[in-house]
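Hi,

Here is the structure I promised to pass on to you. Have a look at it first, and my notes follow below.

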Number of protein chains: 2
Amino acid sequence: MSATAHDVPVVKVLPEPEDLPEPLPEPAVGELRLETVLGALSDPLRLTIVRKLLLESEAFDHSCGWFGLDRPKSSLTHHFKALREAGVTRQRQYGLERRSHVRVADLDARFPGLLELVAAWTPKTP
Amino acid sequence: MSATAHDVPVVKVLPEPEDLPEPLPEPAVGELRLETVLGALSDPLRLTIVRKLLLESEAFDHSCGWFGLDRPKSSLTHHFKALREAGVTRQRQYGLERRSHVRVADLDARFPGLLELVAAWTPKTP
DNA sequence: TCGCTTGTACGAGTTTCATCGTACTGCGTG
DNA sequence: CACGCAGTACGATGAAACTCGTACAAGCGA
């Protein structure tokens with residue numbers, strides 16, 4: 001193709017799509033169901049996860065441990081899987097870690113306004 | 001601004017609050033919780049109810065039977081109660097009937113955009 | 001290669017929820 | 001006042017979901 005021998009890569013701002021590991025199994029955009037997504041978001045812990053991803057993750061995926069959640073690992077696996085299978089997050093395997101990010105574009109396309117509600121959410125005080 | 005003393009009220013679009021029976025017990029606006037509301041809306045039958053109220057109820061409350069749902073009465077009671085206790089609907093007793101409407105103003109104030117998602121929802125086809 | 005780390009799989013215990021039959025209440029009408 | 005109707009309350013059943021311990025797989029570094 002157009003790539004020649006003297007083409008030198010300079011800086012890579014973001015990893016190329018081909019460089020990323022394949023996402024774990026997830027529903028396609030057209031398969032997203034409102035009732036399923038709402039069900040996944042009806043749990044305080046999962047709201048916490050998604051909100052933290054929305055507000056504090058600057059274009060990076062984050063592994064399970066980054067959230068600092070005080071729960072056993074098997075519980076966290078359960079909730080991250082629930083979010084991914086509902087289509088809220090995407091997960092990729094980076095060596096040891098499995099990192100997550102919110103499918104912002106997909107969710108905004110299918111359910112505009114929903115993520116703003118999650119970002120504005122605050123946990124119950126008492 | 002331009003309103004002066006000789007402005008005469010023309011039509012009463014909505015009935016006065018004093019004419020209505022007291023609403024059944026429900027959470028106040030400030031007590032609405034996103035996780036609870038999303039949980040109430042994560043059920044296809046309840047989404048059907050709320051959507052139908054949003055799209056087809058022209059400023060009127062509607063009784064249980066109006067929806068034409070093919071379920072036993074005790075099931076319907078369960079779901080209408082779930083919606084009311086989550087703060088999605090308001091119910092008033094009119095003689096024999098208990099009529100419901102969506103708390104549009106309250107929900108729009110606390111969770112802007114949420115009801116638009118419900119209105120745009122369509123049940124699963126298969 | 002031997003650990004250490006990250007996370008999964010599986011399974012049990014508990015809880016919560018949906019469904020719905022039956023019996024009941026409360027209102028309105030004849 | 002007796003009947004009928006809208007809807008509730010209660011309870012049983014079964015399915016789903018949350019929580020979490022334990023055991024296991026896979027990557028990475030010394």
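In which sense do β2(A) and β3(A) pair, and over how many bridges? The two strands run antiparallel and are joined over 6 bridges; helices (H or I, at least four residues) and strands (E, at least two) are DSSP runs, numbered from the N terminus, and two strands pair if DSSP finds at least two bridges between them.

Before I go on, some housekeeping. This is a predicted model, in which local features need pLDDT of at least 70 and side-chain atom pairs count only at pLDDT 80 or more, while totals for chains, interfaces and linings use all residues. Residues are numbered from 1 along each chain as its sequence is written, chains are lettered from A and ligands numbered from 1 in the order in which they are written, and side-chain values use heavy atoms, leaving out hydrogens and water.

Back to chain A. Its open sheet has 3 strands in the order β1-β3-β2, with antiparallel pairing. β1 (62-63) and β2 (89-94) of chain A are the edge strands, each pairing on one side only. A:Thr89 has A:Val102 in β3(A) as its bridge partner. Helix α2 (residues 44-56) of chain A packs on this sheet and touches β1, β2 and β3 of chain A, contact meaning heavy atoms within 4.5 Å. The direction of α2 makes about 80° with that of β3(A) (axes are lines fitted to C-alpha atoms, for helices over the stretch in contact, and angles run from 0 to 180 degrees between N-to-C directions). α3(A) also packs on the sheet, touching β2 and β3 of chain A, at about 120° to the direction of β2(A).

Now the DNA. Of the DNA strand C atoms within 4 Å of the protein, 57% belong to sugar or phosphate and the rest to bases. Phosphate oxygens lie 2.3 Å from a side-chain N or O atom of A:Thr77, 3.0 Å from one of A:Arg98 and 3.4 Å from one of B:Arg71.

Finally, B:Ser100 sits in strand β3 (residues 97-102) of chain B. B:Ser100 is buried, with a relative accessible area of 1% (buried is under 20%, with a 1.4 Å probe and protein chains only). Among the residues that B:Ser100 touches are B:Leu53 and B:Phe80.

Best wishes

Key
Near = heavy atom within 4 Å. Polar contact = N/O pair within 3.5 Å; in protein donor to acceptor, adjacent residues only side chain to side chain. Buried < 20%, exposed > 50% of the residue type's maximum accessible area, 1.4 Å probe, protein only. Lists of a residue's contacts leave out its neighbours within four places in sequence.
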